[in-house]
Amino acid sequence: MGIRIVIADDQAMVRAGLRMVVDSDPGMEVVGEAADGREAIAVARRTRPDIVLMDISMPRLDGLSAAKELLDTPSPPKVITLTTFDTDENLYAALRAGTSGFLLKVSPPEQLLEAIRVVHSGDALLDPAVTSRVIATFASRAEPTPSPRLGELTPRELEVLRLLARGLTNAEIARDLYVGEATVKTHVARVLMKLSLRDRAQAVVFAYESGVVRPGAA
């Protein structure tokens with residue numbers, strides 16, 4: 001079976017463009033569309049997609065609120081937030097809510113398809129063009145609060161969390177630590193399990209909020 005996708009955006013032309021991109025991949029299928037957040041919830045509940053492509057700025061119910069409501073349901077779909085960034089200041093909140101990442105609307109089609117595949121596989125996708133800027137901007141608004149859960153991590157797992165929070169891929173972390181990529185995947189899985197986090201997106205937020213990494217740190 002292909003990856004089932006719902007597209008939620010209040011602009012019909014944007015929805016049409018996204019559908020064309022998704023339909024170009026034989027392993028994906030658009031099972032529904034929505035023009036606002038409330039409709040997105042209804043369509044997702046009816047069609048049971050694997051992934052919802054969710055615009056943040058929509059009428060009736062914004063994409064952030066819709067994502068929170070969807071993610072609070074049993075066996076929820078993954079949510080990828082689509083944004084123009086310059087006008088959307090809810091990205092950090094979207095990550096905290098549990099969305100599996102975000103992409104700029106101007107991202108090339110192949111990046112959107114790759115994001116869908118990555119998120120469907122259980123990972124998270126944060127657009128490298130804006131990840132560090134978003135996290136640094138919003139994490140700096142509050143004083144970090146160390147979490148007692150950090151004590152459950154081994155020194156190597158804590159190191160992996162730091163590198164993950166900088167936006168490094170598993171391959172890049174493997175190169176930094178001189179270990180195999182499979183080993184990094186195991187470390188990441190253990191970090192997520194010990195910290196009770198859904199995916200890498202939440203791990204990045206956790207790392208900044210708990211002071212593991214600081215905004216602007218290399």
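Trainee: Of the contacts in the chain with a separation of 6 or more, what share comes from residues 24 or more positions apart?
Mentor: 66% of them. Keep in mind that this is a predicted model.

Trainee: How many helices and strands are there?
Mentor: The chain has 10 helices and 6 strands.

Trainee: And what percentage of the residues is buried?
Mentor: 50% of the 218 residues. The chain exposes about 10400 Å², and 52% of that comes from carbon and sulfur atoms.

Trainee: Which residues have the most contacts inside the largest nonpolar core?
Mentor: Leu-161, Ile-173 and Leu-195, in a core of 24 residues. Helix 7 (155–165), helix 8 (170–177), helix 9 (181–194) and helix 10 (200–209) each give two or more residues to this core.

Trainee: What is Leu-195 in contact with, leaving aside neighbours within four places in sequence?
Mentor: Leu-195 touches Arg-149, Leu-150, Leu-153, Leu-161 and Phe-206.

Trainee: Which residues does the second core include?
Mentor: Val-21, Ile-51, Leu-53 and Ile-116 are among its 18 residues, and that core is separate.

Trainee: Changing topic: at what angle do helix 2 and helix 3 pack?
Mentor: About 25 degrees, with the axes 8 Å apart. Angles under 35 degrees count as roughly parallel, so helix 2 is roughly parallel to helix 3.

Trainee: Is the crossing of helix 2 and helix 3 left-handed or right-handed?
Mentor: Right-handed.

Trainee: Which residues meet there?
Mentor: From helix 2, Gly-37, Arg-38, Ile-41, Ala-44 and Arg-45; from helix 3, Ala-66, Glu-69 and Leu-70.

Methods. Residues numbered from 1 in each chain as written. Predicted model: local features only at pLDDT ≥ 70, side-chain atom pairs only at ≥ 80, totals over all residues. Heavy atoms only, no water. Helix = DSSP H or I, 4+ residues; strand = E, 2+ residues; numbered from the N terminus. Buried < 20%, exposed > 50% of the residue type's maximum accessible area, 1.4 Å probe, protein only. Contact = heavy atoms within 4.5 Å. Areas by Shrake-Rupley, 256 points an atom, 1.4 Å probe, with all protein chains shown as cover. Core = buried A, V, L, I, M, F, W, Y, C linked by side-chain atoms within 4.5 Å. Axes fitted to C-alpha atoms, helices over the stretch in contact; angles between N-to-C directions. Parallel < 35°, antiparallel > 145°, perpendicular 65-115°, else oblique. Left-handed = near helix turned anticlockwise from the far one by under 90°.
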